Amino acid sequence: MTATLLAAKDLTRHYQVRHAWGGGGLVRAVDGLSFEIQPGETYALVGESGCGKSTTARLCLMLERPTSGTLTFDGEPVGSDRRALRAFRSAVQPVFQNPYASLNPRMRVGATIAEPLIAQGGWTRAERADRVAEVLEQVGIPAASATLFPHEFSGGQRQRVALARALASRPRLLILDEPVSALDMSIRGSIINLLKHLKETEGLSYLMISHDLATVRHLSDRIGVMYLGRLVEEGDSEAVFASPQHPYTQMLLDAVLDLKRPPSEDGEADDAEVPSPLDLPSGCSFHPRCRFAMAECPTETPALGPANGRQVACHLYRGDRSELLAQ
């Protein structure tokens, strides 16, 4: 049996907030998140802005330390010592949202792509130059472009350069934080196709962070739906899109996709604003927006559990009332 590549267990990240005028509170950005990524798999985390997706990406890159919980890579705890952390950062590389901001405008792209190799160590200057040329060609950019500066490239080309930098150290997992959202619609398709090609040819795994459900549908194998720091639904991509089980997942898909079930026409609770992370609702945090909210929802937090072939955190599946979702 193939070992799990990356596993998060009860991952938590809380921030203490203090206001200049006094008072404050605790922001539960990520609150007990557990998921696994298998070799060769694309796992997508989706949800509205502020749900904790990008914080999760930073935790998985060890750019931030969790408040509690564990992160393992290839079965080994991440960050146990400096040498292990360096090896982890070679094997796990980020591709950020904005290629205009993620590339240093004062560095030639060849030097930018070579940076992970310098940090990794063990590469001669000639070997680094060869590897830079190789990954540029791999992402569809001529090797001679290594001498150019970022401003000499288009947006789509810059994102290809960012991908080349991520690929330089021969990683096993790429963490894609909104990888195409800053690009024009006309070039998103080419980057998505490139990501699919690299996955197939390089045996890569992806953790994809996105609110762009159309892109997620094209790239992902499994989806985790986040709401205010927690997973509310997890399952195979096609199954989630075909028959969302959690009311929040239904709401997300209703907003962008033409589903058989029509969206609510009466402006019911799911049109309400997202609660403040400093003042989360008790019980199920989605209940103020949920058209199916029941008596136990404001008082009992539902655990993630099996429901119709996937994992769902909803009281509808604990009381045999899931038929309400079809109405």
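**Close-up views of the sheet and cores**

**View 1. Contacts of tyrosine 248**. Beyond its neighbours within four places in sequence, tyrosine 248 is in contact (heavy atoms within 4.5 Å) with Gly47, Glu48, Val225, Met226, Tyr227, Val232, Phe286 and Arg289. This is a predicted model: local features need pLDDT of at least 70, side-chain atom pairs count only at pLDDT 80 or more, and totals for chains, interfaces and linings use all residues. Residues are numbered from 1 along each chain as its sequence is written, and side-chain values use heavy atoms, without hydrogens and water.

**View 2. The nonpolar cores**. A nonpolar core is a set of buried Ala, Val, Leu, Ile, Met, Phe, Trp, Tyr and Cys residues joined through side-chain atoms within 4.5 Å; buried means under 20% relative accessible area, with a 1.4 Å probe and protein chains only. The largest has 58 residues. Ile113, Leu163, Leu174 and Tyr248 have the most contacts inside it. Another core, of 29 residues, lies apart from it and includes Leu45, Val78, Leu85 and Leu207.

View 3. Pairing requires at least two DSSP bridges between two strands.

**View 4. Strands 11 and 12**. Strand 11 and strand 12 (residues 310-312) run antiparallel, joined by three bridges. Alanine 307 has arginine 310, in strand 12, as its bridge partner.

Definitions and conventions: Helices (H or I, at least four residues) and strands (E, at least two) are DSSP runs, numbered from the N terminus. Buried means under 20% relative accessible area, exposed over 50%, partly exposed in between (1.4 Å probe, protein chains only).
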